[in-house]
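Good morning, everyone, and thank you for making the time.

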Amino acid sequence: LNQCEEGMALRVNVWYPASDEAKIQGLLKAEREASPDGQGAFLNPDRGAWKSTPPTYIRTNEYTEVFQEVVNTYGIPRYQEANPALLTVVTFPFIFGMMYGDVGHGSLLLMAGAWLVQNAESLRFSQPVLFSARYLVLSLGIFATFAGFMYNDFFSIGLQLFPSGFVDKEGNGQFTPTYDVTNSGGPGPYPFGLDWAWVGASNELLYVNSLKMKLSVLFGVAQMIVGLLLRWSNALYEKNMTDFIFECIPMMVFMLCFFGWMDVMILYKWTHPIDNAPNIINSLICMAMGQQDNNPLWDGSVQMAQTLMKFTVLSVPIMLLPKPFILLYQHKAEQKRSKGEGHQLLRDEEEGVVEGAHGGHGHGEEFEFGEIFIHQIIETIEYVLGTVSHTASYLRIWALSLAHQQLSLVFFQKTLTMGLEMSFPANGIMLYFMFAAWFGITLGVLLGMDVLECFLHTLRLHWVEFQSKFYKGGGEKFAPYNIRSLVDGSNE
């Protein structure tokens, strides 16, 4: 009450969700009608200019709450800023599944998540961390199991779900494809995921590594493009055309013309059989260095790559130079308008809304062109170099998937396989001990350490590679007034 303004009635300024205004008005009206003297509180909405930045209120449910908490740990979204949690609900378990893909291990994780959900109420107060993470564990298990079917990996064993697209005609271990490898209308390949004929092949690692490496890059570039689109949405919502034209657009041009072209080459090689197929890395080096590529994807692809490289290079100075000079021009124009009022600050700085006026520079201080120009140089260099490093960083999806598959294979071969290969009756006795050893190692390493490792790497990809493209955070979480929480806090 000490913070209320006195007068005919006590007055206090509060924030409340606009969508709940009718509900609040109804509750206050019911309280007034129930009062014997008809007195009570009134809510008078203030539609004027903000005197402070509004807090951020994001509605969540039991499923999305944990994913929103993952984002909030990095930083609370600013008011009306694009919230990455909306996409994190899907992309987080999906990337985890790409790293941890195994039908067996994913099913165990799925069952653990289902048990947590089923027994949620008993964990609400005794194990609050497990209670909060129950739907996260369930989602990780679902996507890990799905990716396991795509990789055709069940505890390092291939599942023969469909007829193979390869056959050993002569019985000498040389498999030949039975589907149309030229993609010219003949029989199609294995209908879902990886053909089980690759499991145990001499060139299995060579093929699977190439496949997972390219999948990692494809998904990584796609996620970074989505991040840039969210940056577009932030600039358009804030009506900041300087950022949109001279940052958002050249950033997207840089991303699409180089890394988008790399994805096009990957997909083209998959769908168009080429007799003398080019090496994608060599083609990118020739594209960047201006050298002649003697193995084009198609007639005219080299010329297209050279044109795209020119746009890539041209986008860098557009990101670097125009924005600081535009902000300087806007500042001088504002100075002329405000000269009669006796201040030299930008109007938005006086109102405390700095970022909408000049893209987040200045922080309430006087306009310093040199500081803003240096900041723009750093931001441009960080984006250009960061885009390259972030694309390479997505290769951790392939690396962790490889590590998981090889660990699973080694544990299976050194335990269960050794027990099965023993002669009777030793195999029947040793198999019990070998299974206990295999299951213990599986629980401790692959369902313990490896789950945590994949989770942390997935978290890094979202916080650094994805959210750095658009997300600033720095908001203040909406905390409703609650007397009970205040009393409980003071008692503690």
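Predicted model: local features only at pLDDT ≥ 70, side-chain atom pairs only at ≥ 80, totals over all residues.

Residues are numbered from 1 along each chain as its sequence is written, and side-chain values use heavy atoms, with hydrogens and water left out.

Two packed helices are described by the angle between their axes and the distance between the axes. The axes are lines fitted to C-alpha atoms, for helices over the stretch in contact, with angles running from 0 to 180 degrees between N-to-C directions, and the helices (H or I, at least four residues) and strands (E, at least two) are DSSP runs numbered from the N terminus.

Let me start with helix 8 and helix 9, whose axes come within 10 Å and cross at roughly 160 degrees. These two helices are therefore roughly antiparallel to each other. Their contact divides into 25 nonpolar residues, one polar and five charged, where Ala, Val, Leu, Ile, Met, Phe, Trp, Tyr, Cys and Pro count as nonpolar, Asp, Glu, Lys and Arg as charged, and the others, Gly among them, as polar. In the loop between helix 8 (204-237) and helix 9 sits Lys239, which has a positive phi of about 55 degrees although it is not a glycine. Is Lys239 buried or exposed? Lys239 is exposed, with a relative accessible area of 69%; here buried means under 20% relative accessible area, exposed over 50%, and partly exposed in between, using a 1.4 Å probe and protein chains only.

Helix 9 also packs against helix 15 (residues 369-393), at an angle of about 25 degrees and with the axes 11 Å apart, which makes helix 9 roughly parallel to helix 15.

Turning to the interior, a nonpolar core is a set of buried Ala, Val, Leu, Ile, Met, Phe, Trp, Tyr and Cys residues joined through side-chain atoms within 4.5 Å. The largest such core has 71 residues, and those with the most contacts inside it include Phe92, Met255 and Met262. Helix 9 (residues 241-271) contributes the largest share of this core, 12 residues. Apart from its neighbours within four places in sequence, Met262 is in contact with Val217, Val221, Ile280, Leu284 and Thr391.

Leaving aside neighbours within four places in sequence, Leu459 is in contact with Val70 and Phe92.

Finally, two backbone details in loops. Phe155, in the loop between helix 7 (134-151) and strand 1 (166-167), has a positive phi of about 55 degrees although it is not a glycine, and Phe155 is buried, with a relative accessible area of 13%. The peptide bond from Phe424 to Pro425 is cis, with omega near 5 degrees, and Pro425 lies in the loop between helix 16 (396-421) and helix 17 (426-466).

Conventions
Contact = heavy atoms within 4.5 Å. Parallel < 35°, antiparallel > 145°, perpendicular 65-115°, else oblique.
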